[in-house]
Every structure is written in structure tokens, then in C-alpha cells.
Amino acid sequence: MKAPLLNLALMALLLLLLAGCEQEPATGPKLTGGAEATLPAFQFPDLEGELRHSGDWRGKVLVVNYWATWCPPCRKEMPLFVETQERLQARGLQFVGIAIDDAHLVRDFVDVYGINFPILIGNADAVRLSSRMGNRFESLPFTAIFDREGNTRYIQAGEVTAEVLERELEPLL
């Protein structure tokens, strides 16, 4: 008696799993971590102390990267960001780094790595902003990509690879 009931339960489970395979693929980006659908407004100072606003890059494909000088994966992905900014800037790409770190350490880092995009100095508000962008564990590095209209298109906690950047940016440019 137990075997037929067990078989029936397994068949029902299999049917449920197969039913999920028939669903249409989602349209648009799949966002996790409670990411807002559009770029939240923000403002933070750059290394010269000038207040920069999220609207400064309106109309650009925007890559916002949260990082710190003490973060090994952050240091590893920076040369890729510098190269990608150089290569795709003319097509409307703009990286913006938000450093969760001491401004003096950040300035030295920028000089050593030849950073060619704006670096803003974040604080507790920047960490909260990263959470609004989908960084639910407040980890570093964290990267969010926005299209020219400010729609969130991709988010990633952890190091970003060249393959991911190419795949996510090319359709937006």
C-alpha cells in the first residue's frame, strides 16, 4: 500500500517540476536582492571635494561600482574597468566608482591604478544606496549597470569578469 502512494507522490512532484519547464522566459533583466528598477538619485563628493550627482551621467550607460582599497577582488577588477572605460567611452559608457574607504587611501589607489573615471567617496549613505541597488549583503565589490534611461539592467556582488561586462554592456551601447 505504501509503494503506490509513494509512486503517486513522486509522479505528482515530477509533473510539478515539468510544468515549471513550460513557462515562457522572463522578459527584461532578472534582478535579485530587492534592487530598485531604476537608478536611485544620489550625491557624493569626488576626490576634489566636488559634490557629484547621479544626474551628471544622464543619457549614458552607467556602471556603478562599490569598492575599497583593502578589498582584493576590487583591486583585481579595477584594471578591467579602466580598459573598458577607455575602449567604450565614445559609445556612451560611463563607469563611476563609489569607494567605501578613506579619501587619502583612495587618492593613492587612483594614482597607482590610473583610474580614468569618476571616483566618489562614500559613507554610510553609500552603503544604504548599494542596498537599494540590490546589494542585500552589503558586500564589496558590488556592481550595478543602468541603461541610458536609468533602468537597472544588471547587478552583481563580487568580482565582475570581462565576459560579463561584454555580455551585459554590448546590447546597451
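Rings of Phe, Tyr and Trp (its six-membered ring) are taken as a pair if their centres lie within 6.5 Å, and a pair is called stacked if the planes are under 30 degrees apart, edge-to-face if they are over 60 degrees apart, and tilted otherwise. By this rule the structure has six aromatic pairs. The structure is a predicted model, in which local features need pLDDT of at least 70 and side-chain atom pairs count only at pLDDT 80 or more, while totals for chains, interfaces and linings use all residues. Residues are numbered from 1 along each chain as its sequence is written, and side-chain values use heavy atoms, with hydrogens and water left out.

## Aromatic pairs

A pair of aromatic rings is described by the distance of the centres and the angle of the planes. The pair of Tyr-66 and Phe-142 is tilted, because the ring centres are 6.1 Å apart and the planes stand at 45°. This pair links distant parts of the chain, since Tyr-66 belongs to strand 3 (residues 61–67) and Phe-142 to strand 6 (residues 142–146), 76 residues apart. Helices (H or I, at least four residues) and strands (E, at least two) are DSSP runs, numbered from the N terminus. Both Tyr-66 and Phe-142 are buried, where buried means under 20% relative accessible area, exposed means over 50%, and partly exposed lies in between (1.4 Å probe, protein chains only).

Phe-81 and Phe-95 form another tilted aromatic pair, with 4.9 Å from centre to centre and 35° between the planes. Phe-81 lies in helix 2 (residues 72–88) and Phe-95 in strand 4 (residues 93–99), so the pair ties together parts that are 14 residues apart in sequence. Both Phe-81 and Phe-95 are buried. Elsewhere, ring pairs link Trp-67, Phe-109 and Tyr-113 into a cluster.

Strand 3 is largely enclosed by the rest of the structure, because seven of its seven residues are buried. Val-61, Val-63, Asn-65 and Trp-67 point one way from strand 3, while Leu-62, Val-64 and Tyr-66 point the other way, and all are buried.

Two strands are said to pair if DSSP finds at least two bridges between them. Strand 3 and strand 4 run parallel and are joined by seven bridges, and the bridge partner of Leu-62 in strand 4 is Gln-94. From strand 3 the chain crosses through helix 2 to strand 4, and this β-α-β crossover is right-handed, a term used if, with the strands pointing away from the viewer, the path from the first strand over the helix to the second runs clockwise. Strand 3 and strand 6 run antiparallel and are joined by five bridges, with Val-64 standing opposite Ala-144 in strand 6.

Gly-55 lies in the loop between strand 2 (51–53) and strand 3, and this residue is partly exposed, with a relative accessible area of 28%. The C-alpha atoms of Gly-55 and Leu-39 are separated by 9.5 Å, although these residues are 16 apart along the chain.

## The disulfide

A disulfide is a covalent bond between the sulfur atoms of two cysteines. Here it is assigned to a pair of cysteine sulfur atoms within 2.5 Å, and by this rule the count comes to one disulfide. Cys-71 and Cys-74 form a disulfide, with their sulfur atoms 2.3 Å apart, and their link is right-handed, with 75° about the S-S bond. Both Cys-71 and Cys-74 are buried.

## Salt bridges

A salt bridge is counted where a side-chain nitrogen of Lys or Arg lies within 4 Å of a carboxyl oxygen of Asp or Glu, and the structure holds 11 salt bridges. The table gives some of them.

| Residues | N to O distance |
|---|---|
| Asp-46 and Arg-52 | 3.9 Å |
| Asp-125 and Arg-128 | 2.3 Å |
| Glu-168 and Arg-167 | 2.9 Å |

Asp-46 counts as buried at 8% relative accessibility, and Arg-52 counts as buried at 18%. Asp-46, Arg-52 and Asp-56 are linked in a network of salt bridges.

Asp-125 and Arg-128 both lie in helix 4 (residues 124–132), three residues apart, which is about one turn of the helix. Asp-125 is partly exposed, with a relative accessible area of 42%, and Arg-128 is partly exposed, with 48%. In the remaining pair of the table, Glu-168 counts as buried at 18% relative accessibility, whereas Arg-167 counts as partly exposed at 48%.
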